[in-house]
Amino acid sequence: MVMEKWERFVDSLPSMDLMRSEKMSLVQLIIPAETAHRAISYLGELGVLQFRDLNADKSPFQRTFVNQVKRCGEMSRKLRFFRDQVNKAGLLSSALPVLEPDVELEELEVQLAEYENDLIEMNSNGEKLQQTYNELFEFKMVLQKAVGFLVSSNGHAVEDERELNDSVFLNNSYEDSASLLEQELRSAPSNQSGLRFIAGIIPRAKVMRFERMLFRATRGNMLFNQAPADEEIMDPVSTEMVEKTVFVVFFSGEQARTKILKICEAFGANCYPVPEDVTKQRQLTKEVFSRLSELESTLDVGNRHRNQTLASIGFRLTKWMNLVRREKAVYDTLNMLNFDVTKKCLVGEGWCPISARSQIQEALQRATFDSSSQVGIIFHVMDTLESPPTYFRTNRFTNAFQEIVDAYGVARYQEANPAVYTVVTFPFLFAVMFGDWGHGICLLLGALLLIARESKLSNQRLGSFMEMLFGGRYVLLLMSIFSIYCGLIYNEFFSVPFHIFGGSAYKCRDPSCSDAQTVGLIKYQDPYPFGVDPSWRGSRSELPFLNSLKMKMSILLGVVQMNLGIILSYFNARFFGSSIDIRFQFVPQMIFLNCLFGYLSLLIIIKWCNGSQADLYHVMIYMFLSPTDDLGENELFWGQRPLQIVLLLFALIAVPWMLFPKPFILKKVHSERFQGRTYGILHNAEIDLDAEPDSARGHHEDFNFSEVFVHQMIHSIEFVLGAVSNTASYLRLWALSLAHSELSTVFYEKVLLLAWGYDNIVVRLVGLAVFAFATAFILLMMETLSAFLHALRLHWVEFQNKFYFGDGYKFRPFSFASLTDDDD
C-alpha cells in the first residue's frame, strides 16, 4: 500500500529535460533521386537526424557518389593550397562569408582550377626570377669585395683570370647574366701557367671548415682571403636569409683548380667570375646593376599581380570552403543511403528526436517544392527493438558538466543522467578539498574573465590547455563560488583567519595570552556564528579539532551521496518497469548501507549535538566483534546496544537478499514465458546487458542461468565491499583539505612572514615574489588540478557505480553546424 502511494507520487512529479535523454524514433526516408541532394542539404541545416549507414558492407570506392566525393576532396585540396598561399603572403582572408550570389559546384570547380593554374605559373616564374635576382645580388657582393684582393702586377698577365672559364657557370641559370664577361673570357685560349684565383661566396658558418679543407687539399699551396658581406643575403637554393662571406682563393696549377672547385661544390659555395682588368670590372658591375634593377621592377610587378589575385581569392575563400565542406558532407551522407531496385529513389534510415519529426517533415516538403519534383518524399516511423542513441539538450552552462559525465561513459538510453546532480555536487566536493576564500576569489576572477571574453574566445582557435579551460569556464565559476563558501566555513583567507562574523567565543587565561599554545583557551560567550572560530588558529588543539571535524564531515557527505546514487537506481528501475530491481536490489542495498554507515553518520551527529567523548572507532569495531558487550562510556543514547544488534542482523540479511532471489525469479519468469503462460518481453536491465547498441534486442530467449547468477554474485560482492571502500574513499576530502590548508600555512608563515621579519626591502620583495609564485603555481594550479581529479574520481566511481550503466552511444546528427576544418 505504501509502495503504491509512493509510485503514484513519483508519477505525479514533473519531468526534467536533463534527467532523461530525449525520446528517439527510428524513421525511414524514401527520396526521389532528383530531390535527394536538396533534401539532405535541408536536413543538414536542420541538424536533428542521425543517418544510419545502410552500405556498411561496401568500401568507399564502391558507393554511388564516390566520384562527387573525390571531386569535393580535390577542391578541398586546392582551397587548402590557396589558404596556405594567402597566409604565406601575409594577407588576411575574410573571416565571414561575403554576400555574393551563390555559385554552383561545377562552376566553382572550373574557377578553382583556373586560379590554381595561374598561381602555380606565377609561383614558378617568381621563383625563377627570385633565384636569378639572388644570384645577381651575390655576384654584386662578390664584385664589391673581391676587387680589394686583386692586385695587378707585371708578373700577372691579364689572361690569368681566363683560367676560370669552366668555373664561371657552375650555376646553369646564371649564363644569361654575364654575357659580357663570357665573351671576354672565351675570346682567348686558356693559359695553363701562372697564378690563378677563384672568387665566390659561402655561408659564414662554414668559412673555418672551408678554409681548413682547402689548406689540406692543396697542402698549403694557396692563399685564402675573405671579407664578410655587408648584409644578410637570401640563399638562391634554400631561400633563407643567411650571413655570408666573400672569399678569393689564389692558387697555381690545373690540379689545384679542380680540387678547389669540387670543395666549393661540396660546401655549397657559389663561385662567380671576377675579371682582374679594371675596365672589365666596371663594365661587368654596370651590367649586373642594370640587370638587378630590371629584375627588381619585374619582381615588384609580379608580386603585385600575385597579391591582387590572392586578395581576390582570400575575399571569397571562407565562402568557398564552407560550400565545398557542405557539399562533401552531403555526398558522404548520400553514400549512406541505398538505391531502390528501380534506381529512381534513395532509401535512408536514421534516428531523430520525437519532438523534431514535424521539423523534418517541413524540411522535406520544402525540398520537394524547391526541386519541382512530381513525387513527394515519404517519411514514416519504423518499429524497432534496437537501442536508440542518447541525446541530452544542453546549453553553455550545462554542457561542460555533461561532458564530465560522458567522459566516463555515455548514458544508456533514457537512464537517469548524473549530470543533473553533478552541477551541484562536483563543484561542492571540489570546494571541500580546496576551501580557502582567498584562493576562491582568485579562481572567481579567472572564471569571470573567461566568461566576459566568451564571445571573442569562442571564435578563436585556442591551444589544447586553453580550450579545455575555456570549455569548463562555468565549472570553474561554480568551483570558485563554492570554494569561497567553504573557505568562509573553514575561516581561511590564504590560511589567515579573520573575525568576519563577530568576536571569538574564546579568550586567553591571562591578559598577555602567552599560555595560548600550552594551556589553551577558555570559552566565555556563545559560539562563533558562522564557520570555524578564528581562535582555533594557532592553538594547541587546532589540528586535532580540524582533523576530527573534516574527517567526520567527509563521511557524512560520502554517505549522503552514495544514498543519492542508490535512490537514483530506484528511479531507473521504476522508469523501466523493473520491479525485481526495486525489491531485490534497491531495498537490500539501502538497508545494508544505512544499517552500517548510515548508523555511523547518526552517531557522528549525536556526538556533535551532546558533546560526548565516546570513541566511535571502538563503537563500530565492537559492533561486529562483540555486539552483545556493554558499551560503557561509549554509549551515546539509551537503547544503543539492542539497536546495533538489530541493524547488524538487517545488514547480514541484506547480503543474501541481494544475491539469491533475483536470478531464480528471472529463471522462473523466463521458463513460464516460453511455456505459454506469460507473454511479452521481460524488461530488465540485467537481461538487456547482452544487447549491443546497434543490434536488435532479440536475445531474451538465450537465458543462461549460471551466467546471470555469477553476474549477480559479482554485483552483490562488489556492492558489499564497495560500501566499505567507497566510504573510506570519501576520506580524501579530509586529506586534501588538510593538505591544502597546511601548504597555505607553510607558505604564509615560512615564506611571507619570515621575509617580512627583515628590515631589508630586497628580502621582503623576494619573499613576496616567492609567496606569489607558490600561491599561483602550487596552490592555484597544482592543488586545483589535484582537487578536480579527486572530485572526478568520487563522482565516477563512488557515486555513479550505484546506478549508472554508461554503455550507451551519443546522438550524432548530420549537421552543417558541427562541420570543422578537419572535415576537409
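Reply: The account below begins with the sheet and then turns to the cavities and the record. The model is predicted: local features need pLDDT of at least 70, side-chain atom pairs count only at pLDDT 80 or more, and totals for chains, interfaces and linings use all residues. Residues are numbered from 1 along each chain as its sequence is written, and side-chain values use heavy atoms, with hydrogens and water left out.

Four strands make up the open sheet, in the order β4-β7-β3-β8, with antiparallel pairing. Here helices (H or I, at least four residues) and strands (E, at least two) are DSSP runs numbered from the N terminus, and two strands pair if DSSP finds at least two bridges between them. At the edges stand β4 (223-228) and β8 (270-272), each of which pairs on one side only. Direction ignored, neighbouring strands of this sheet are turned by 25° against each other on average; axes are lines fitted to C-alpha atoms, for helices over the stretch in contact, and angles run from 0 to 180 degrees between N-to-C directions.

Strand β4 is joined to β7 (residues 244-252) by 6 bridges, and the two run antiparallel. Within this pairing, asparagine 225 stands opposite valine 248 in β7. Helix α6 (residues 207-217) packs on the sheet, where it touches β3 (195-203), β4 and β7, and its direction makes about 170° with that of β4. Contact means heavy atoms within 4.5 Å. Helix α7 (residues 254-266) lies across β3, β7 and β8 and runs at about 160° to β7.

A cavity is a set of points, on a 1 Å grid over the protein atoms alone, where a 1.4 Å probe fits but cannot get out; lining residues have an atom within 4 Å of a point. The largest cavity contains about 60 Å³ of space, a volume being the space filled by probe spheres set on the points. Its lining includes Tyr490, Trp536 and Arg537.

As for the record, UniProt (unreviewed entry) places a "coiled-coil region" at residues 105-132; such annotations may be inferred rather than shown by experiment. That span, residues 105-132, is 100% helix and 0% strand, with its end C-alpha atoms 40 Å apart. Residues 428-451 are 92% helix and 0% strand, with end C-alpha atoms 20 Å apart, while residues 553-571 are 100% helix and 0% strand, with end C-alpha atoms 27 Å apart.

Definitions and conventions
1 Å grid on protein atoms, 1.4 Å probe; cavity = no way out; pocket = protein on both sides within 12 Å on 5 of 7 lines; lining within 4 Å.
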